[in-house]
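Subject: Structure handover

Dear colleague,

Please find the structure below, followed by notes on what turned up in it.

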Amino acid sequence: MAVSYGLYWLFGDNSVPQWLWVITSGTAQLLHEMWWGLLAAVVFVGLLERVPRELVMSVLGQGGSVRGVVRATGAGILLDLCNHGILMVGVKLYERGASLGQLMAFLIASPWNSLSLTIVMIALIGWQWTLLFILLSAVIGITTGIIFDRLVARGTLPANPNQVETTESVTFWPELKKLLKSAEVTPKSVSAVLKDGLRDSKMVFRWLLFGIVLAVLIRAFVPMDVYQTYFGPTLIGLFLTLSAATIIEVCSEGSTPIAADLLTRAAAPGNSFTFLMAGIATDYTEVMVLKDLAKSWKVALFLPLVTLPQVLVLGWMLNTLGT
C-alpha cells in the first residue's frame, strides 16, 4: 500500500505504464475516500471503550429480541460512516455485549445509508429510488438479525460470550449526562482515545488493506464498460452483478456511483440495489473479521447464506418494477 501510494505522488500518470497508473491512482482514490470514515470509526471505537457496557446495551435493547434488532438496524442507518468504519464500530458493540443478530442488523443496514451518501444517492438516482433502497435495506437488516438470533437460540450458531442481560435500572439519558459531566477533554485524553481506537481496529485494518490491493488489481485488468454492457435488468445481469459485488472490494463511497450507473445507464435498479447490498453480504473483509471476532467460520459464512437470497429476490422485484 505504501509503495503504491508513494508511486502515485512521485510519478503521476506520465512515467508509468497504464496498468500501474490504474493501480496507484486507485489506491490513492480509495484511501482518499475512506480516510474520514476510518478516522471517525477509530474515534467512535475509542469512545465506546469508555462507555459502560450497560449504557451501550440500554440503547440497543435486549439482545435476542425483535426490538433489539430493530434498534440496532436504526442505529446502523443513522450512523454516518463508511462500511469499513461501521465494521470497526460493530466489532466494538459486539465486544460490549450486542447479540449476534444485533451485530448483523447493524452491519447490513449501515454502510451506504449514512446522511452524506444518502444525499449523494438522491442526487444520482432521485429521492424515490433512494428512499426505497433504504427501506429495503432496513427490511433485510431486521430479517437477517432475527434469523441470526433464532439460530443462536437453537444452538446452530455460538452466542456472544460478552452478552449481558439489559437491566431496567440503567436509564440512558441520566447516565449519559453523568458520563459527559465526568469527561475531560485534554490532549492526553484525546490521545488515549485515538490510541485505544487504533489498537482495537487492527483486525479490521488488516483485511481492509488486503481488500484495497485486490480491488485495484481488478480495476487495472477489468474494463469499466463491462458493467454497462453485461449488467442489464435480466436474471443473467443480476447474477453477474452479484458476482462482481462478491469479487470487487469497494468502500461504500466507491460503490455508490457504480450502483447509480447500473440504475441510470443499464436501467437496472435491482442490479443497483444488489451491488450495494451484496457487496456488504459477501465482503471478504467483513467475512474474515466476523470469523476472527466470533472465532467461528460458521458465523462468517452464514452472513452471505442468510442475506443473499433476500437480496436477489428484492433485486429481481426491483428490476421488474423498473421495467
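K92 and E95 both sit in helix α5 (residues 83–95), and because they are 3 residues apart, about one helical turn separates them. Helices here are DSSP runs of H or I with at least four residues, strands are runs of E with at least two, and both are numbered from the N terminus. The two side chains form a salt bridge, with 3.1 Å between the closest N and O atoms. The term requires a side-chain nitrogen of Lys or Arg within 4 Å of a carboxyl oxygen of Asp or Glu. K92 is buried at 3% relative accessibility, whereas E95 is partly exposed at 30%. Buried stands for under 20% relative accessible area, exposed for over 50%, and partly exposed for what lies in between (1.4 Å probe, protein chains only).

This is a predicted model: local features need pLDDT of at least 70 and side-chain atom pairs count only at pLDDT 80 or more, while totals for chains, interfaces and linings use all residues. Residues are numbered from 1 along each chain as its sequence is written, and side-chain values use heavy atoms, with hydrogens and water left out.

Salt bridges

The count comes to 3 salt bridges. As a general point, side chains of opposite charge can pair when their charged atoms come close. D196 is buried, its relative accessible area being 15%, and R199 is partly exposed at 44%.

The side chains of D292 and K291 form another salt bridge, at 3.7 Å from N to O. D292 is partly exposed at 21% relative accessibility, and K291 is partly exposed at 24%.

Aromatic pairs

How many aromatic pairs does a search of the whole structure find? The search returns 5. One of them is Y5 with W9: the ring centres are 6.2 Å apart and the planes stand at 75 degrees, so this pair is edge-to-face. For a pair, the centres of Phe, Tyr or Trp rings (the six-membered ring of Trp) must lie within 6.5 Å; planes under 30 degrees apart are stacked, over 60 edge-to-face, and the rest tilted.

Y5 and W9 are 4 residues apart in helix α1 (residues 2–11), so about one helical turn separates them. W9 is exposed at 56% relative accessibility, and Y5 is partly exposed at 27%. W9 also pairs with Y8: their ring centres are 5.0 Å apart and their planes at 80 degrees, so this pair is edge-to-face. Y8 is partly exposed, with a relative accessible area of 21%. Ring pairs join Y5, Y8, W9 and W21 into a cluster.

A contact along the chain

P161 lies in the loop between α8 (127–154) and α9 (172–182). Its relative accessible area is 71%, so P161 is exposed. The C-alpha atom of P161 is 9.0 Å from that of A294, a residue 133 positions away along the chain.

Regards
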